[in-house]
Amino acid sequence: MSTHPGRQQPSSESPASASALRGAGTVTDRLVEANRRYAAHFTDPGMDARPVLNVAVVACMDARIDLHEVLGLELGDCHTIRNAGGVVTDDIIRSLTISQRALGTRSVVLIHHTGCGMLSLTEDFRYDLELEVGQRPSWAVEAFQDLDQDVRQSMERVRTSPFLPHTDDVRGFVFDVTTGLLREIDPGTEIPPEQ
């Protein structure tokens, strides 16, 4: 019997032992135990750190999105860079710069998704934190109200970064968490420079 939608319970693990593992210790203890079982059968795949497909995928950290499954990727195919909302921040640019300049990626895929928690936050989140802890975070929340527009903004941030040498293949999508489909976002027309 599966204990998680879409995830099958290993046949070597009885329902009783699976239940005992879930009840034992902290979540981190359970993860460490799962790693021990994984490592017992692990074989070094002999891969290089450079992604086989020369692509970096930037996506939201939402637990409902299994990027490898969604995109049909295998271990070693891509770099995956995730944060709250999948927005392109300075740290995402840092990771993409290392990905491109040191590890050979050339394409960037950006993925936001329906039902994102960032749609319900505002910058007030920072001010509430300041009131609670006595210090305002140095980072912006990067909340948004329009998925498509935020994907466009993220594409533009990648395309205009002076640190990224490969900006000709940058595409953005919205993943629908109810259908599993990606919808590509048109980057829109360029805003003419002010005169």
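**Core packing and confidence**

Modeller: In the largest nonpolar core, which has 23 residues, L96, L110 and V158 touch the most other members. Such a core is a set of buried Ala, Val, Leu, Ile, Met, Phe, Trp, Tyr and Cys residues joined through side-chain atoms within 4.5 Å; buried means under 20% relative accessible area, exposed over 50%, partly exposed in between (1.4 Å probe, protein chains only). This is a predicted model, in which local features need pLDDT of at least 70, side-chain atom pairs count only at pLDDT 80 or more, and totals for chains, interfaces and linings use all residues. Residues are numbered from 1 along each chain as its sequence is written, and side-chain values use heavy atoms, with hydrogens and water left out.

Colleague: Which element gives the most to this core?

Modeller: Elements giving two or more residues include strand 1 (55-60), helix 4 (90-103) and helix 6 (147-159); helices (H or I, at least four residues) and strands (E, at least two) are DSSP runs, numbered from the N terminus. With four residues, the most is given by helix 6.

Colleague: Is G180 buried, partly exposed or exposed?

Modeller: G180 is placed in the loop between strand 4 and strand 5 (182-185). Because its relative accessibility is 38%, G180 counts as partly exposed.

Colleague: What is the average pLDDT of the chain?

Modeller: pLDDT is the predictor's confidence in each residue, from 0 to 100. Of the residues, 84% score at least 70, and the chain average is 88.
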